[in-house]
Amino acid sequence: MMNASKVSVVAAVAALAGCTCCGPKGESLLGERLEKADYDPKVWYFDDEGNLTANADQAIWTKCGDWENFELDLEYNLDPAANSGILIYCLDKKNWIPNAVEVQLVDDAADKWAKDPAYMKTGSLYGHLAPLATPQKPAGQWNRAVLTAKGNLLTLVINGVVVQDKADLSKMTDAKKNPDGTAIPPWLSRPWADLPTKGFIGLQGKHADATVRFRNIKVRKL
């Protein structure tokens, strides 16, 4: 196992220099050795194939909290019944659930999640807006997700298929009801319209006792 805590001295010094959000051509979101990440090295690590994974339900975050107007491009692989997510616009990393926007990544085919509403399926804006399509591959296969965040507007493409098309967070002004009348889960207690459109970016770890893996995590400023 290649432990992510073994960063180079040069990378560690660079990380201490402060926030270094990427330039217009894009770069690794978290760093090649996670030198740009805020995480628990006992939880998050690179597996033997070089994929980023976790052994507990903790998120890994960017050190930089100024992420706005960006395109995030990554690949993910879910074990059967895995449940994870992409987290953006986060204001509070310790209490992120009501203070961030989550793009859901879940093994939709698993019996465990079969009764979940559409706004909890892969590609949903969790608890708020169902995906337009479900192009995710079966558990154990790699998927590519490209998330474009431009202010209140979010576009998500999975495996080349648009699943969110300029979804507008500014319309989500209530903490109990979505614009379409569906009930918002009570743990999402802050209206997304109130969130600033910048913050930390994160990935959710091993939720529901099933593993998720990430690779080729790239980001570029828009």
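Trp-67, Phe-70 and Tyr-89 form one aromatic cluster. That is where I will start. This is a predicted model, in which local features need pLDDT of at least 70, side-chain atom pairs count only at pLDDT 80 or more, and totals for chains, interfaces and linings use all residues. Residues are numbered from 1 along each chain as its sequence is written, and side-chain values use heavy atoms, with hydrogens and water left out.

The structure has three aromatic pairs; rings of Phe, Tyr and Trp (its six-membered ring) pair if their centres lie within 6.5 Å, with planes under 30 degrees apart counted as stacked, over 60 as edge-to-face and the rest as tilted. Trp-67 and Phe-70 have ring centres 6.1 Å apart and planes at 80°, so this pair is edge-to-face. For Phe-70 and Tyr-89 the centres are 6.5 Å apart and the planes at 85°, so that pair is edge-to-face. This second pair links distant parts of the chain, with Phe-70 in strand β6 (residues 70-78) and Tyr-89 in strand β7 (residues 83-90), 19 residues apart.

Buried or exposed? Trp-67 and Phe-70 are buried, meaning under 20% relative accessible area, where exposed is over 50% and partly exposed lies in between (1.4 Å probe, protein chains only). Tyr-89 counts as buried because its relative accessibility is 1%.

Now the chain as a whole. Of the 222 residues in the protein chain, 49% are buried.

Note on methods. Helices (H or I, at least four residues) and strands (E, at least two) are DSSP runs, numbered from the N terminus.
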